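Please read this briefing alongside the sequence and the model. It covers aromatic pairs, a loop residue and a surface patch.

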Amino acid sequence: MQLKASLHLHTSEDKKDGHIINYNIYNLIDEAEKHGFNVLGFTPHKKFVFRQEFADYAKNKGILLIPGVERGLGRFFHGHVIILNCDQTVEKVKTLKQLAIYKKNNPRIFVLAPHPTYNCFISIGSRKLRKYINLFDAIEYSYAYSKKLNFHNKKAKAIAASFQKPIVATADVHVLKKLNTDFALIEAEEFTLENIFEAIKSGQFENVTAPKSLLALIKYYVSFLAKYFIKYITIKILELETVKERA
């Protein structure tokens, strides 16, 4: 059976970016139902915020919601790693070496390298991706590219090919209308988590993705950064006012 999947998603429940996201997990699931999605990877930053009621709501819509997290690992530069089918204990993982131990003790998790070759603030980088390649079940083909600017994905694709790792398209959703732009169509024997992960690992899927216009990417990032800055300043002002009131 063919399953439409998006494995890298953020909502307002996100402890890092939630303050700039104007939709919650229920809104996301509703939108996913409209577009015929069957599988969603719920990957908030830093903290594991998954709740069973989220999964139950998704199940009622015919959607499998996979619990997960996008962790920044590393002592200085926190390269991002997506860990699916994990639990609260994943928050103890702070380095790639610790992730290796965690995966050994939790063999049912699925580890994805998101935007691995973009920049040192959000990516693990080509060197670490190669060094720790056995940790990863798949590599992400990022939505953020245009026809002329796609060297990051090309580099990730080359590494994936050299180590025979699957490369999966995601939309890294922070804006709801981006949900249906980049995703994977997975050919799984059964609609189960185990079969879905196995199908990805064996390359039984098709990526649906297309280059964006350079102007669209610029508008998206400018808007994203502006929202982040405004919300950050607002929060700091409120914190300062609270301190003054207590004093």
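Is Phe54 buried or exposed? Phe54 is buried, at 1% relative accessibility; buried means under 20% relative accessible area, exposed over 50%, and partly exposed in between (1.4 Å probe, protein chains only). This is a predicted model, in which local features need pLDDT of at least 70, side-chain atom pairs count only at pLDDT 80 or more, and totals for chains, interfaces and linings use all residues. Residues are numbered from 1 along each chain as its sequence is written, and side-chain values use heavy atoms, with hydrogens and water left out.

**Aromatic pairs**
- The structure holds seven aromatic pairs (Phe, Tyr or Trp rings, the six-membered one for Trp, with centres within 6.5 Å; planes under 30 degrees apart are stacked, over 60 edge-to-face, the rest tilted).
- Phe42 and Phe54 are edge-to-face, because their planes stand at 90 degrees, with ring centres 5.9 Å apart.
- Phe42 belongs to strand β2 and Phe54 to helix α2 (residues 52-60), so this pair ties together parts 12 residues apart in sequence; helices (H or I, at least four residues) and strands (E, at least two) are DSSP runs, numbered from the N terminus.
- Phe42 is buried, at 0% relative accessible area.
- Ring pairs join Tyr26, Phe42, Phe54 and Tyr57 into a cluster.

**Loop residue Asn38**
- Asn38 sits in the loop between α1 (25-34) and β2 (39-42).
- A polar atom of the Asn38 side chain lies 2.7 Å from the backbone nitrogen of Lys4.

**Around Phe151**
- Phe151 is in helix α5 (residues 151-162).
- Phe151 is partly exposed, at 48% relative accessibility.

Notes. Polar contact = N/O pair within 3.5 Å; in protein donor to acceptor, adjacent residues only side chain to side chain.
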